[in-house]
Amino acid sequence: MAGYVSNLKKDIARWEADGLIDASTAAKLRKDADSRPGGVSFGLILSMLAAVLIGASILLLVAANWEYIPRLVRVGLIFALIAGGYVGGAILKGRGNTSFAEAAYILGAVAFGAGIALIAQMYHLSGEETQAIFLWCGGTALAALALRSGPLTAGAVLLATIWMNMVTFDTDWFGAPPMLFLGVVAVIWAISLWSQSAVARHLILLALMYFAVLHYVDTELVTVPLILAVASVALFGAWVLAPDLVDRIIKLGDHGAPIQGLLGFIAGMSPIQYMFQNDRLFLLIVVVIFAAVIAALVLGGRESRMLRWLGYAAFTYEVIYVYVVLVVSMIGTAGFFLSAGLVVAGLAWAITRIERRLKAPPAEATGGAT
Amino acid sequence: MIAALQARWLTVIAAALAVAQIAVLGSMIWARASILRSGTEIVLEVRPIDPRDLLRGDYVIVGYNISSLDKALFGGEKREDYSGPHTVFVRLKADAAGIWQPVLARLDAPAAEPPRAGEVDLRGYSGYWPPDNGAVPMDYGIERFYLPEGQGRPIEEGIGVRPFRMKVAVAADGTPQIKSFHDGDTLIYAEPLY
């Protein structure tokens, strides 16, 4: 994204010099380029990794050396980290140093989680891990809202997903994933619109797919994955009909909507085809999946390389699945490897041809690859 | 100018956020310390539990004489559904040896008649209602004891061989809080308030 903005600025300067646009238009364009929410840059990722590593080191220090550091000192250290992370980050942001500001925010949020863990250790609390993670998630979401931080919004999604997973698996038996999760991610989605975090929205959609699959495992109702698949098709279809409108409403970035649509469709159809594996409907389901993947490739594959690769992956997955179900029982192991090799070679040949065909004509027409 | 103003506001908001999160943690500490300060003191007998390896990282897992309850204590109450953990209130009373033993137990709410002098209601959780006459397994949130590194092994080996005791403070609402850990009559660890 940063690369795109700097290229754009070079182009604006060139257009202005060539007289294609006047100075005021150039200024407006530059302002627009600067106001674009910065995507995930390499520097941001590195500074965030640094924050997580430093946070982990403090956590270990607090947890391990507790007979040498008095309790109140450890608590004070955590409190100071919370305040220092948030206030220091705000000061850095005021100075325009966004990467380090976000890293400092993460340090503050990690310190809040460390504080919860430290209190559990101080008072020998057991069996309250899920509430602890929920509280941590709430604190992180609040921080994302107050500080308008994209990375913290994404962090809140991860914590909410961990919480949902723990509630599902934490009991003595496999429990139902909590419906409250839907409300939690709805709140975080709203926060992500304010903090302009497309990453957080993508993570929410992925978490929802996981939630649907867990619900299916719990209830074994075909309606659960069916709803996921239908909603995903609806998302994809809406994007095909009105791409700009859909992008404006759900703001998933470049081709985010169709990519999530295809992913959700596969996540929803997988349990369905597994359920009907020994049923007459199986072949019909397989045909529907193949047709949908091909349709997705035709409708959106040309402009988005990511969607194309996802389509190939889905196609390959489906071929192998059908193959394992239908053919493996009929032939021996050696025959299986031989024919599997032939099938994969055929797939590779087909994908190479599609890629070549996609690249060749537009290269002459527009002079650019996807 | 506007940018400078925004930056100042952001700093103020960040400070308010830090105060709020610190207040949440502080209130947790305060709640626990107040149980330690003013809760009713009870003594439980520490029992070995399965699995055998009780030492997990820097804490030992412990069971108690009240970690499984006889169904008769529930006074005819029974739970047919298995839909997740229920709150259980267990009424305790000290026996001749000073160990607190269960007198009765109720699901979801304390027993109607209030505890008499020398009795206390303890809040716990049960996730499983066994068939037939099996005992009801209980959790109280005090099944972990954090130790300095390397000090867990002797305790783990001692539990089940000689008697260990845990002194626990119980809040008015039944929430327990570990107070001190005893090897026979010897105090091993006592918790400071903060």
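## Helix H14 and its surroundings in chain A

Helix H14 of chain A, which runs over residues 305-326, has 22 residues and reaches 31 Å from its first C-alpha to its last, close to the 32 Å expected at 1.5 Å a residue. The model described here is a predicted one.

Within H14(A), the residues A:Leu307, A:Arg308, A:Leu310, A:Gly311 and A:Ala314 are buried. Seen down the axis of H14(A), the buried residues fall within an arc of 160°, so they line one face of the helix. The cover over these buried residues of H14(A) includes helix H12 and helix H13 of chain A.

| Helix | Residues in chain A |
|---|---|
| H1 | residues 2-17 |
| H12 | residues 256-275 |
| H13 | residues 281-300 |
| H14 | residues 305-326 |

Turning to another helix, A:Arg14 lies in helix H1 of chain A. Is A:Arg14 buried or exposed? A:Arg14 has 10 C-beta neighbours inside 10 Å, and because a residue with 12 or fewer is classed as exposed, A:Arg14 counts as exposed. Between A:Arg14 and A:Tyr323, which stand 309 residues apart along the chain, the C-alpha atoms are separated by 55 Å.

For chain A as a whole, there are 15 helices and 0 strands, and buried residues make up 35% of its 370 residues. Of the contacts in chain A between residues at least 6 apart in sequence, 66% join residues that are at least 24 apart.

Notes
Residues are numbered from 1 along each chain as its sequence is written. Chains are lettered from A and ligands numbered from 1 in the order in which they are written. This is a predicted model: local features need pLDDT of at least 70, side-chain atom pairs count only at pLDDT 80 or more; totals for chains, interfaces and linings use all residues. Helices (H or I, at least four residues) and strands (E, at least two) are DSSP runs, numbered from the N terminus. A residue is buried if 20 or more other C-beta atoms lie within 10 Å of its own, exposed if 12 or fewer, and partly exposed in between; C-beta atoms are placed from the backbone. Two residues are in contact if their C-beta atoms, placed from the backbone, lie within 7 Å. The expected span of a helix is 1.5 Å times one less than its number of residues. The arc is that of the directions from the helix axis to the C-beta atoms.
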